[in-house]
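Hi everyone, thanks for making the time. I'd like to talk you through one model and the side-chain contacts in it, so please have a look at the screen.

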Amino acid sequence: MLGTAEAAHIRVTPADDVAKIVESAKEGDVIEFSPGVYKTNLVVRTSVTLTGTHEAVIDAQGKGSGIMVRWPKARVENLTVKNFGASLYDRNAGVRVTDGADDVVIKNMVIEGPAFGIRADRLNRLTVEDCKITGIAKKKLLDRGDGVYLNYVRYPKLTGNVVKDTRDGFYFENVDGSVSRENAFSGGQYGIHYMYTRNDSGYDNFTTGAVGGYALMSSRQVKLERNTAVDSVEFGILVNVCERCTVTGNRVEGVYNPKGKAVLDTEGKALFIYGPGASTVTGNYFADAQIGVGVAMGGEGVKMSQNAFVDNRIQVRYVGKTALEWSVAGKGNYWSTFMGWDFDGDGLAEKPYQPNDSLDRIFWIYPEARFLMDSPVVALLRWLALQFEIDRGKGITDSHPLIKCPEIVGAQGRFASGFPHADASQSTAP
């Protein structure tokens, strides 16, 4: 034991009673774990620092939480936690932070287990940074815990984390002012899932191989900016009953649902707007999906402009009766399926574009007739509808389509090139 009476630096080994040492530590103490396996559950009851290396493994022996933090301003860093309990009902987690433990920092941790990687409830200003969190891939998706689960947490910051094979990468419920920056997610349900949240921001994040990339649900003033979603199943971005949310600068590539059915509207969508709410979607790239954008159940309040819809099998699916204008302040969107001209060189086409017409809506309502879509008769009907403006004032119209595809790079920073090549499930733990 080194240091002053006020704060000590304590080095421990697996031979020590580390649970007792941690519980009896004083404010400001630093407890350093030597390499080895510590078969224990730890409870932090004061503002101490637990640190070491990833070769120092907290093995919770299949029960409870590996480390439970009950006090503000504690730090947990540079350790491995594994084999904690599997009960989501009991809130088992690699690191669990309990009510009122404000200003806790969790940094550079390796967490591997069946329940929540990190769970926090009813507190302020949690920091989660540079952690690797891995769930159990063989478990059913909805039986897994989330990588990070936050409930009634205000102003959390989550940066540089890698999450693999959990339920949601990050799940935020009744959260205020979260910042999620430069995180990477793979193999889960959703990368980031916002539910009943307010004033959050997520940027420079990357998801791959998830059911859905980013889900904004029943939330207000969420800013989803400069993120990437690759190879999703159901959607790249979901905007569901959101108010004043902003989706901009994101890149979605490859959304395919092998079990999707047109009659059930379950095909993969790059962007899915569902339910009422007034939000803004601008300057995004949506490509190589079964459906570029699906609008359903009152999603007409979302403003759309300067997005790029590229090589989607169906660019837009909208069956509603309200006529929608998808341009703002004289600027529309780029459509790879649109053939137009720009005579005056202003970057905008000289004629409007309707990404879906009356025949599209018939085929969506009666999917069994889709085999007719490429027939000469249908081509003739589309041409006649265009000549006589039968569809003018119906469905979706982009009055000022862009001629050139805008450059939208999506996530920047440490995961700009994708999910890290190193397998997040491989730790250096013995």
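Let's start with Arg125, which counts as partly exposed because its relative accessibility is 37%. Please keep in mind throughout that this is a predicted model. Which side chain does Arg125 meet in a salt bridge? That would be Asp103, with 2.7 Å from N to O. Asp103 sits in the loop between β11 (93-97) and β12 (105-107), while Arg125 sits in the loop between β14 (116-124) and β15 (127-129), so this pair ties together parts that are 22 residues apart in sequence. Asp103 is partly exposed too, with a relative accessible area of 25%.

Staying with charges for a moment, the count of salt bridges comes to 16. Another of them joins Glu32 and Arg11, where the closest N and O atoms are 3.6 Å apart. Here the partners lie in strands: Glu32 belongs to β3 (residues 30-33) and Arg11 to β2 (residues 8-12), so parts that are 21 residues apart in sequence are tied together by the pair. Are these two buried or exposed? Glu32 is partly exposed, at 27% relative accessibility, and Arg11 is exposed, with a relative accessible area of 53%.

Now please find Arg181 and Glu182. Their side chains meet in a salt bridge as well, at 3.3 Å from N to O. Glu182 counts as buried, since its relative accessibility is 12% and the cut-off for buried is under 20%. Arg181, on the other hand, is partly exposed, with a relative accessible area of 29%. This pair also belongs to a network of salt bridges, which links Asp130, Arg181, Glu182 and Arg414.

Next, the rings. How many aromatic pairs does the structure hold? The number is 13. Take Phe33 and Tyr38: their ring centres are 5.1 Å apart and their planes meet at 75°, so we call this pair edge-to-face. Phe33 and Tyr38 are both buried.

A second example is the pair of Phe338 and Tyr353, which is tilted, with 4.8 Å from centre to centre and 45° between the planes. Phe338 and Tyr353 both lie in the loop between β40 (334-335) and α2 (358-365), so the pair ties together parts of that loop that are 15 residues apart in sequence. Phe338 is buried, with a relative accessible area of 11%, and Tyr353 is buried as well, at 13%. If you follow the rings from there, you reach a cluster: ring pairs link Phe338 and Tyr353 with Phe286, Phe309, Trp326 and Trp335.

The charged end of Arg122 sits over the ring of Tyr152, 4.3 Å from the ring centre. Likewise, Arg251 lies over the face of Tyr285, and there the distance to the ring centre is 3.9 Å.

Tyr285 brings me to strand β34, which runs over residues 285-289.

Let me finish with the whole chain. What does its secondary structure come to? The tally is three helices and 41 strands. The chain has 430 residues, and 56% of them count as buried. Among contacts with a separation of 6 or more, 49% are between residues 24 or more positions apart. As for the surface, the chain exposes about 18,700 Å², and carbon and sulfur atoms supply 53% of that area.

That's my tour, and I'm happy to go back to any of these spots on the screen.

Definitions and conventions: Residues are numbered from 1 along each chain as its sequence is written. This is a predicted model: local features need pLDDT of at least 70, side-chain atom pairs count only at pLDDT 80 or more; totals for chains, interfaces and linings use all residues. Side-chain values use heavy atoms; hydrogens and water are left out. Buried means under 20% relative accessible area, exposed over 50%, partly exposed in between (1.4 Å probe, protein chains only). Helices (H or I, at least four residues) and strands (E, at least two) are DSSP runs, numbered from the N terminus. A salt bridge is a side-chain nitrogen of Lys or Arg within 4 Å of a carboxyl oxygen of Asp or Glu. Rings of Phe, Tyr and Trp (its six-membered ring) pair if their centres lie within 6.5 Å; planes under 30 degrees apart count as stacked, over 60 as edge-to-face and the rest as tilted. A charge sits over a ring if NZ of Lys or CZ of Arg is within 6 Å of the ring centre and within 35 degrees of the ring normal. Contact means heavy atoms within 4.5 Å. Accessible areas come from the Shrake-Rupley method with a 1.4 Å probe; for residues, only the protein chains shown count as cover.
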